[in-house]
Amino acid sequence: MHLPFHIIQMLKDKSENGLRQPSDCEYLSYDIESKIGVHIGATTLKRLLGFAQDERTPHVTTLDAIARYLGYAHWEALMRVEDNGNSDFNQSAEVLQSSSLQSGDSVQITYLPDRKVTFEYKENSRYQVTESENSKLFVGDEVEIQGFVLHHPLLVSQVWRDGKALGSYTAGIVEGLSSITLLSL
């Protein structure tokens, strides 16, 4: 089981740790134990944060400890928290899944050093590039993207230019996406 993205964001905020690599789980484990007196192993945290491919369901006591660390009485109380940053209009998003979009929606991303690309969603995880600044993607390119994750590279499974398949494409390899903005719905 992987934790929902809005809970991972809450853990990042609480620990003041970006949780961008597996070794960050050691720090998080220590921080949880120092704050609430309960030890959650780094390996368990790696599983819950998606660094390890293991779908075992964690113990309720582990989930309750995460909830207490975040200031909630228990896991069920934490799960009732609304994920406000994941699908709001004109707001940066931590994660934006293509499956949550409707035809005509526009998504703008930025990444270092000075790249900006705007995509218009068509259907079935396919987009058309409508704006491209300093990117190897061109206006008019069609692309297939499953989703956008802040601070992670953009993974494009296929690029079509003038009807010709160019293959896969990765953007923001070093630092990932700087921003993700849903421009319209």
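Here is a short chat about how the features of this predicted model get their labels.

User: Before we start, what kind of model is this, and what counts in it?

Analyst: It's a predicted model, where local features need pLDDT of at least 70, side-chain atom pairs count only at pLDDT 80 or more, and totals for chains, interfaces and linings use all residues. Residues are numbered from 1 along each chain as its sequence is written, and side-chain values use heavy atoms, with hydrogens and water left out.

User: What makes something a helix or a strand here, and how many are there?

Analyst: Helices are DSSP runs of H or I with at least four residues, strands are runs of E with at least two, and both are numbered from the N terminus. By that rule the protein has five helices and nine strands. From the N terminus on, the order is α-α-α-α-α-β-β-β-β-β-β-β-β-β.

User: Why is Glu 16 called exposed?

Analyst: Exposed means over 50% relative accessible area, buried means under 20%, and partly exposed is in between (1.4 Å probe, protein chains only). Glu 16 has a relative accessible area of 74%, so it is exposed. Glu 16 sits in the loop between α1 and α2, and it has a positive phi of about 55° although it is not a glycine.

User: How much of the protein is buried?

Analyst: Buried residues make up 41% of the 185 residues. In α4, for instance, they are Thr 62, Leu 63, Ala 65, Ile 66, Ala 67 and Tyr 69. Those residues pack against α1, α2, α3 and α5. Just after α4, Gly 71 takes a positive phi of about 95°.

User: What covers the buried residues of α1?

Analyst: The cover includes α2 (24-36), α3 (42-49), α4 (60-69) and α5 (75-79). The buried residues of α1 themselves are His 6, Ile 7, Ile 8, Met 10, Leu 11, Lys 12 and Ser 15.

User: What makes a group of residues a nonpolar core?

Analyst: The members must be buried Ala, Val, Leu, Ile, Met, Phe, Trp, Tyr or Cys residues, joined through side-chain atoms within 4.5 Å. The largest one has 23 residues, and among those touching the most other members are Val 107, Ile 109, Phe 119 and Val 143. The elements that give two or more residues to this core are β2 (106-111), β3 (115-123), β4 (126-133), β7, β8 and β9 (177-184). Apart from it lies another core, of 22 residues, among them Met 10, Cys 25, Leu 28 and Ile 66.

User: Which residues is Ile 109 in contact with?

Analyst: Contact means heavy atoms within 4.5 Å. Leaving aside neighbours within four places in sequence, the partners of Ile 109 include Arg 115, Val 117, Phe 148, Leu 154 and Ile 180.

User: How do you know that β5 and β7 pair?

Analyst: Two strands pair if DSSP finds at least two bridges between them. β5 (residues 142-144) and β7 (residues 154-161) have three bridges, so they pair, in the antiparallel sense. Val 143 stands opposite Val 159 in β7.

User: What about β7 and β8?

Analyst: β7 and β8 (residues 164-171) have six bridges and so pair too, again in the antiparallel sense. Val 159 stands opposite Gly 167 in β8. The hairpin of β7 and β8 has two residues between the strands, and there Asp 162 takes a positive phi near 55°.

User: Which residues lie nearest the centre of the largest pocket?

Analyst: Of its 21 lining residues, Phe 5, Leu 49, Gly 50, Val 149 and His 152 lie nearest the centre. A pocket is an open set of points on a 1 Å grid over the protein atoms alone where a 1.4 Å probe fits, with protein on both sides within 12 Å along at least five of seven lines; lining residues have an atom within 4 Å of a point.

User: Where is the cis peptide bond?

Analyst: It joins Leu 112 and Pro 113, with omega about 5°. Pro 113 is in the loop between β2 and β3.
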